[in-house]
Amino acid sequence: MRRILSVLLENEPGALSRIVGLFSQRGYNIENLTVAPTDDETLSRLTVTTTGDNRVIEQITKQVNKLVDVLKVQDITEGEHIERELMLIKVKAESSEDRIEMKGLSDIFRAQIVDVTSSTFVIQLAGTTAKLDAFIEAIRTESEILEVSRTGVTGLSRGEKSLRS
Amino acid sequence: MMSGAEMVVRALTQIGVKHIFGYPGGAVLDIYDALFEAEGIEHLLVRHEQAAAHMADGYARATGEVGTVLVTSGPGATNTITGIATAYMDSIPMVILSGQVPTSVIGEDAFQECDMVGCSRPVVKHSFLVKKAEDIPATIAKAYHIAATGRPGPVVVDLPKDIVNPKEKHPYVFPDSVQMRSYNPNVKGHKGQIKKALQTLLEAKQPVLYIGGGAIAANCSDLITAFAERLNLPVTNTLMGLGAFPGTHKQCVGMLGMHGTYEANKTMHNSDVIFALGARFDDRVTNNVQKFCPNATILHVDIDPTSISKTVSAHVPIVGSVDQVLADMTEMLDASGDSTDAQALAAWWTQIEEWRGQNCLAYAKSDKVIKPQQVIESLYKATKGEAYVSSDVGQHQMFGALYYPFAKPRRWINSGGLGTMGFGFPAAMGVKVALPDSVSVCITGDGSIQMNIQELSTCMQYGIPVKIISLNNQALGMVRQWQDLIYGGRHSHSYMESLPDFVKLVEAYGHVGIRVSDPAELDEAMEKCFAMKDKLVFMDILVDQNEHVYPMQVKYGAMDDMLLSKPESK
């Protein structure tokens, strides 16, 4: 089962490596991971997407919580939540037909073309992992993909529930 | 104003550190220089940094205080890793101060540079790389706080050479107390859960108390004993929990697990309620978890939430310190006046006594060759069961655990989790340094002792008169036992050819060696050994090479699938 864990941790050198190390040391899966400081600069918020049955997820949550640098852990997939991933994708855009086609496709997905050269587009798209995957499949039929960079999933739970120190 | 090096020493003094086990080198020379004139701290120079870590570990296990290690960067630091991992697996409070190359050259592959924080990360409770001299006192205070509280464990403090520069002076500020927003271990168990657990226990017909190392860390043996007596519960101790409940008590069914007693494993397997206190259901206890105690409701108290439901699911999990939870439970019992079902317990005890009647620790003596079990019994007699016994890892460890019933906690000191050969001797030294009036013994074998034998020199330098009881079977006994049982007797690289003459060897280091091979002379030699109070005595005892440790759980079986003696050879 796919789960998204939000982790609030001290914004200190080495804190991230403790979390990543824990995952590899105990054989847990990391599908993707994002991390950045929060509005409080002494804290970072890390979002990790992982897989496992309930028991594994419970262990992961407890193990991460046990790290001295970690303040809080929340499984945001337990309830209603918002998840987003950002993707930048560079595609070949040489003929005007292709360029029109890809512009149209981008509009359908609410993606933006953020860089244009005579032969390439860079398209930016935010959304769920599934939406990004779908866009890649769609664009592949239109043109040649030159490179893809995805941020990994970040997310928040809906409503009043919030993860704070 | 003081230098970083002075701050290190000052902070250690302020924390109350009395002993440091260490080895100097380039990156820590400034700290060693500050240590030169320090009062109230004794430093012991070891012969190998791994041993320093084991000494600090033994020191901590015997006293409950945090052990302290000081080593230089690079190899000095990496040599402690096995010792740190040993302490980590057994939850032993320890602080390792390691030197580091100057911050300006970190990452440049400088001489004796090694990323100690990175190397030690999987085996520490926490670690710090100190970047500013002003941070030294607060960081050291935090390190000791983290090491000792919650589930204890080792903490590394890496100190780059430039921040301990004696020429640069900074203000020294030691915190009044340690506050960390991200670290607040929970010691008080949930009252509702405690009540539920107690209710389940009181309704049990075939209960058992399963006690682990967490009970020793929580210093609550009296509480456990009173609780067990009040409810007439059978008690089993893990390898790490020996002595938490007296091994000499009539309600003690002995150690459980792979080499547990017949009655302990039978009691566990047939129980309807298991009350686990500070134990972690590890694989050397449970055997095959799929077949583990099929009828038991599991009540599990542990200070570390990750230990609960990790291998075996708990029906009633309680996160908290064993002493606090048991105190709450005792209070509830006082208030309600409830007790266990006396009739059911009587029947349960009748059953347990029948299992006990199996007399699983019986062995055949010989008048020609000394049996290893006999050595431990002789040791028990000579020390009146009062010694601090450190052990190495192997058959001798299991013989020690089974044939020396510990009546008190912190007397049995062994590497339970990591199973580190070479642990026993330095650990026994640490015990003796911490408690100079105690009798400190190391049970070892011809394999293990050679993994840290260089410390005989340290013992001479500081006058540390430990007693080494070496069961010399000229083989790696436990490996050989497995090869006998599982590999058709193919003894692949498990024999020790070219063993040194241990008696001559210890004599070369300036100590006393005694060799015994005649069973008739064993007790007398043992008496002689312990009569030499101020001497390190090494007993090289030649024992039966073919002896196995029994009982032994059968691989992939249930808790009570055990061999009680050597299977008939096919």
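Me: Two residues are in contact if their C-beta atoms, placed from the backbone, lie within 7 Å. With that in hand, what share of the contacts in chain B with a separation of 6 or more comes from residues 24 or more positions apart?
Reply: That share is 77%. Keep in mind that this is a predicted model.

Me: Thanks! How many helices and strands does chain B have?
Reply: There are 21 helices and 22 strands in chain B. Its radius of gyration is 24 Å, close to the 25 Å from the globule rule for 570 residues, so chain B is as compact as a globular protein of that length.

Me: And what does the C-alpha trace of chain B span along its principal axes?
Reply: About 75 × 60 × 40 Å. As for burial, 56% of the 570 residues of chain B count as buried.

Me: Let's talk sheets. In what order do the six strands of the open sheet in chain B come?
Reply: The order is β11-β10-β9-β12-β13-β14 in chain B, and the pairing is parallel. At the edges stand β11 (252-255) and β14 (316-319) of chain B; each has a single partner strand, so one side of each has no neighbour in the sheet. On average, neighbouring strands of this sheet are turned by 15° against each other, ignoring direction.

Me: How many bridges join β9 to β10 of chain B?
Reply: Three bridges link β9 (residues 207-211) with β10 (residues 235-237) in chain B, and the two strands run parallel.

Me: Switching to helices: which residues of α21 in chain B are buried?
Reply: B:Leu522, B:Met526 and B:Cys529 are buried in α21 (residues 522-531) of chain B. Those residues cover an arc of only 60° around the axis, which means that they sit on the same side of α21(B).

Me: Which residues are exposed on the other side of α21(B)?
Reply: Over there, B:Glu527 and B:Ala531 are exposed.

Me: And what covers the buried residues of α21(B)?
Reply: The cover includes α15, β18 (467-472), β19 (512-516) and β20 of chain B.

Me: What is phi of B:Asp109 near?
Reply: Phi of B:Asp109 is near 55°, which is a positive value in a residue other than glycine. You'll find B:Asp109 in the loop between β5 (94-100) and α6 (116-120) of chain B.

Me: Why does B:Asp109 count as exposed?
Reply: Because B:Asp109 has 9 C-beta neighbours inside 10 Å, and a residue is exposed with 12 or fewer.

Me: What about B:Asn359, where is its place?
Reply: B:Asn359 sits in the loop between α14 (342-356) and α15 (372-383) of chain B. Phi of B:Asn359 is near 50°, a positive value in a residue other than glycine. B:Asn359 is exposed too, with 10 other C-beta atoms within 10 Å.

Me: Last one: how many residues of chain B are in contact with chain A?
Reply: 14 residues of chain B are in contact with 16 residues of chain A. By class, the side of chain B touching chain A has five nonpolar, four polar and five charged residues.

Key:
Residues numbered from 1 in each chain as written. Chains lettered and ligands numbered in written order. Predicted model: local features only at pLDDT ≥ 70, side-chain atom pairs only at ≥ 80, totals over all residues. Helix = DSSP H or I, 4+ residues; strand = E, 2+ residues; numbered from the N terminus. Buried ≥ 20, exposed ≤ 12 C-beta atoms within 10 Å, placed from the backbone. Arc of directions from axis to C-beta. Pairing = 2+ DSSP bridges. Axes fitted to C-alpha atoms, helices over the stretch in contact; angles between N-to-C directions. Rg over C-alpha atoms; globule rule 2.2 N^0.38 Å. Nonpolar A, V, L, I, M, F, W, Y, C, P; charged D, E, K, R; others polar.
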